[in-house]
Amino acid sequence: MNIRVFKLFLYNYFFCDYISCLIIIIMIFTLFYILSLIPRVFFIFIIDSIIYLRIYKISKSYKVTKINLKIAYPELSSSNIDLLSRRSIRESLVSGYETIYSWGRSYAESNNLIFKIENNFLLNRNTAKNRGLICVAIHNRSVDMLLTWINSQTPTVSLYKEIKNKVMESFVKNKREINNSVSVKTSISGVRTIFKALKDKKVICFAADQVPKRGLGEHINFYNKMAYTTTLVQNLACKTKCPTIYICMNSNINGFNSVSIKSCNEGIYDKSKHLQLLNKDIEQMINKRPVDYSWEYKRFKRSLPLENNPYAGI
């Protein structure tokens, strides 16, 4: 095979692969758009039926949620843990609808499901200063709906956890890159990218409540457990001195979503204080309305002592 034929082969292979991927992404978007047309009240009716029939109790998510809530709130009775677990699973399912809606609609339509923005001036003021900005989120409600709102306000460079299905990953990445935003994988390369973005006076955004990869975190107190925790927020803040804010989504008893923004404590820039600071602030955000948090995630899987895995058998 000569070089010309080989180049033609490579061109056709990658071009056809790109077209195929694009068609599948369009099909996925169409599917989510159709699902988003289903009234929210109907989705909630289905969810409440699942809760009423107690189907959720056989799921791993419920079992993990219950374990996490026992760790976080040891003072609660068994019946209260059961109640909180049930309500948490319900809200997680509702937030799944919110994610579907944000994936199937434009950012303007997605933002219409957010009824209140608290302290929006903090985001506007810090972006206007053009000094770089660290936006810290947690897994309250739909992360994608929250990121869609943030990206609609200002372009960001965000981190995301790799999705095993490559086509779905391409779709989600595309949705997270509206308004000239950039989304990169949570990896050493991704960390370098957001560090460079901060040096270039850009806005970065990522969730700080997930268990980091081995070697990328430290064991820090979280709900009285030495949980393996990311130190990325603290290190970036100390190195760049960029302003840092928390952005969190919550719902109320009537199901109305709101976004609250809060300045991070100045201790984030103090190396003698910053490690403990982040988890304490995250606890406060979660405690505001615990049912909104994604407790089905195995947050304490690398906690000390390592041999005491609270999720053993699940």
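Predicted model: local features only at pLDDT ≥ 70, side-chain atom pairs only at ≥ 80, totals over all residues.

Reader: Okay, which residues of the largest nonpolar core touch the most other members?
Author: They are Ile134, Ile194, Ile204, Phe206 and Ile286, out of 41 residues in that core. Helix α11, residues 274–288, gives the largest share of this core, with 5 residues. A nonpolar core here is a set of buried Ala, Val, Leu, Ile, Met, Phe, Trp, Tyr and Cys residues joined through side-chain atoms within 4.5 Å, and buried means under 20% relative accessible area, with exposed over 50% and partly exposed in between, using a 1.4 Å probe and protein chains only. Helices (H or I, at least four residues) and strands (E, at least two) are DSSP runs, numbered from the N terminus.

Reader: And what does Phe206 touch?
Author: Leaving out residues up to four places away in sequence, Phe206 touches Ile134, Cys135, Val136, Ala137, Leu159, Ile194, Leu232, Val233 and Leu236, where contact means heavy atoms within 4.5 Å. There is also a second, separate core of 22 residues, which includes Met145, Val203, Met249 and Val259.

Reader: Switching topic, how do α2 and α4 pack?
Author: Helix α2 (residues 40–52) and helix α4 (residues 78–104) pack at an angle of about 150°, and their axes are 10 Å apart. The axes are lines fitted to C-alpha atoms, for helices over the stretch in contact, and angles run from 0 to 180 degrees between N-to-C directions. The two helices are therefore roughly antiparallel, since angles over 145 degrees count that way, whereas those under 35 count as roughly parallel, 65 to 115 as roughly perpendicular and the rest as oblique.

Reader: Which residues of α2 make that contact?
Author: On the α2 side they are Arg40, Phe43, Ile44, Ile47, Asp48 and Ile51, and the α4 side includes Ile89, Leu93 and Tyr97.

Reader: Is Ile150 buried or exposed?
Author: Isoleucine 150, which lies in helix α7 (residues 143–153), is buried because its relative accessible area is 0%. Not counting residues up to four places away in sequence, Ile150 touches Thr156, Cys205 and Ile247.

Reader: What about serine 260, where is that?
Author: Serine 260 is in strand β9, residues 257–263, and it counts as buried because its relative accessibility is 15%.

Reader: Now the backbone: which peptide bond is cis?
Author: The bond from leucine 304 to proline 305 is cis, with omega near -10°, and proline 305 lies in the segment after α11. Most peptide bonds are trans, and most residues other than glycine have a negative phi.

Reader: So where is asparagine 180, and what is its phi?
Author: Asparagine 180 lies in the loop between α8 (166–175) and β4 (182–185), and its phi is near 65°, a positive value. Asparagine 180 counts as exposed, at 71% relative accessibility.

Reader: And tyrosine 223, buried or exposed?
Author: Tyrosine 223 is buried, with a relative accessible area of 6%, and it has a positive phi of about 50° although it is not a glycine. Tyrosine 223 sits in the loop between β6 (217–222) and β7 (225–230).

Key
Residues numbered from 1 in each chain as written. Heavy atoms only, no water.
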